[in-house]
Amino acid sequence: MAAILLIFLLMLSFPSMNAGSPPSPGYWPSTKFRPMSFHYAFKSLWGFSHQSVDQNALTIWLDRTSGSGFKSDRPFRSGYFGASIKVHPGYTAGVITAFYLSNSEVHPGFHDEVDIEFLGTTFGKPYTLQTNVYIRGSGDGEIIGREMKFHLWFDPTQDFHHYAIFWSPKEIIFLVDDVPIRRYQRKSDATFPLRPMWLYGSIWDASSWATEDGKYKADYNYQPFVAKFTDFKAGGCSAYSSPRCRPVSASPHRSGRLTMQQYKAMKWVQRYHLVYDYCKDHKRNHALTPECWN
């Protein structure tokens, strides 16, 4: 019994294996793109009275009357898309802050989408960062999501952190502070978004599903729920670029292939901070997500 107690005390004396930050990725793609003015690159889409811009920092908020959203002026067919974001602290159940690519307005009911979403939470529980990919209507009607969810290694309510989507004709890479956290490969045309998309951001009420599958709803006694965006970056091939436009890279390699150091950092995140992977969910019908077994 004394030996067991000693082992327990020793475990408390040392930090856990997943304490601290991920290994350095060795490459910082966000530094390769210049920040853009919000008014230069984006336009307000809805909830105009629930957003403000101050020295290129955009604030959007949700209350019981409305949320808010914005959209890039140009569509893209590939590129790097990033922003530094700070989300609301405290009780935020049911509230989603999103930064994503989509073509839903030009392909309603049959659209593509690539998401970074902060799923609101209750007191004492961390935010969940959800990444997702929809292809040709899999986000319409019968939803076929490709979610991977993370609890971050920092508190996203305390400071700005940089979140990005790298989308090339071969793969999609999600990054947090330049650390790759997920790689989604093009294994077939049927399971990969290939049509041009716009860059969006929003805050809205998704009480029906956002927090523990809808168990906890938005509580407007805590309104307004505020999200802040700054350091907007978008670079790559727009839908109007020459066919010779070369996709940008998320690594030092022109091919875009991640380095071993970047893979090491991504594996660390997935080992210690991944909390859901759709491919490992045995309740899912993976005949609908063939990339899981191809």
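Q: What does buried mean for a residue in this structure?

A: Buried means under 20% relative accessible area, exposed means over 50%, and partly exposed covers what is in between. The model here is a predicted one. Glu171 has a relative accessible area of 5%, so Glu171 is buried.

Q: Is Lys71 buried or exposed?

A: Lys71 counts as buried because its relative accessibility is 9%. Lys71 is part of a salt bridge with Glu105.

Q: Why can two such side chains pair?

A: Side chains of opposite charge can pair when their charged atoms come close. In the case of Glu105 and Lys71, the N to O distance is 2.9 Å. This pair links distant parts of the chain, 34 residues apart: Lys71 sits in strand β4 (residues 68-72), and Glu105 in the loop between β6 (95-102) and β7. Glu105 counts as partly exposed because its relative accessibility is 45%.

Q: How many salt bridges are there?

A: The count comes to seven salt bridges. Among them is the one between Arg183 and Glu171, with an N to O distance of 2.5 Å. Arg183 belongs to strand β12 (residues 179-185) and Glu171 to strand β11, so this pair ties together parts that are 12 residues apart in sequence. Arg183, at 30% relative accessibility, counts as partly exposed, whereas Glu171 is buried at 5%.

Q: Which residue forms a salt bridge with Asp189?

A: Arg186 does, and the closest N and O atoms of the two are 2.6 Å apart. Arg186 counts as partly exposed because its relative accessibility is 33%. Asp189 counts as partly exposed too, at 46% relative accessibility.

Q: Which residues form the positive surface patch?

A: A patch takes residues with over 30% relative accessible area and no salt bridge, and joins like charges within 9 Å. Here a positive surface patch is formed by Lys170, Arg246, Arg254 and Arg257. Lys170 is in the loop between β10 (161-167) and β11 (171-176). At 49% relative accessibility, Lys170 counts as partly exposed.

Q: What is the C-alpha separation of Asp177 and Pro29?

A: The C-alpha atoms of Asp177 and Pro29 are separated by 9.5 Å, while the two residues are 148 apart along the chain. Asp177 is found in the loop between β11 and β12. Asp177 counts as partly exposed because its relative accessibility is 29%.

Q: Which residues does UniProt list for "active site"?

A: An annotation comes from a record, and it may be inferred rather than shown by experiment. For this chain, the unreviewed UniProt entry lists Glu113 and Glu117 under "active site". Glu113 lies in strand β7, which spans residues 113-119. At 14% relative accessibility, Glu113 counts as buried.

Technical notes. Residues numbered from 1 in each chain as written. Predicted model: local features only at pLDDT ≥ 70, side-chain atom pairs only at ≥ 80, totals over all residues. Heavy atoms only, no water. Patch = residues over 30% accessible without salt bridge, like charges linked within 9 Å, V, L, I, M, F, W, Y side chains within 5 Å. Areas by Shrake-Rupley, 256 points an atom, 1.4 Å probe, with all protein chains shown as cover. Salt bridge = Lys/Arg side-chain N within 4 Å of Asp/Glu carboxyl O. Lys, Arg positive; Asp, Glu negative; His and termini not counted. Charge placed at Lys NZ, Arg CZ, Asp CG, Glu CD. Helix = DSSP H or I, 4+ residues; strand = E, 2+ residues; numbered from the N terminus. Buried < 20%, exposed > 50% of the residue type's maximum accessible area, 1.4 Å probe, protein only.
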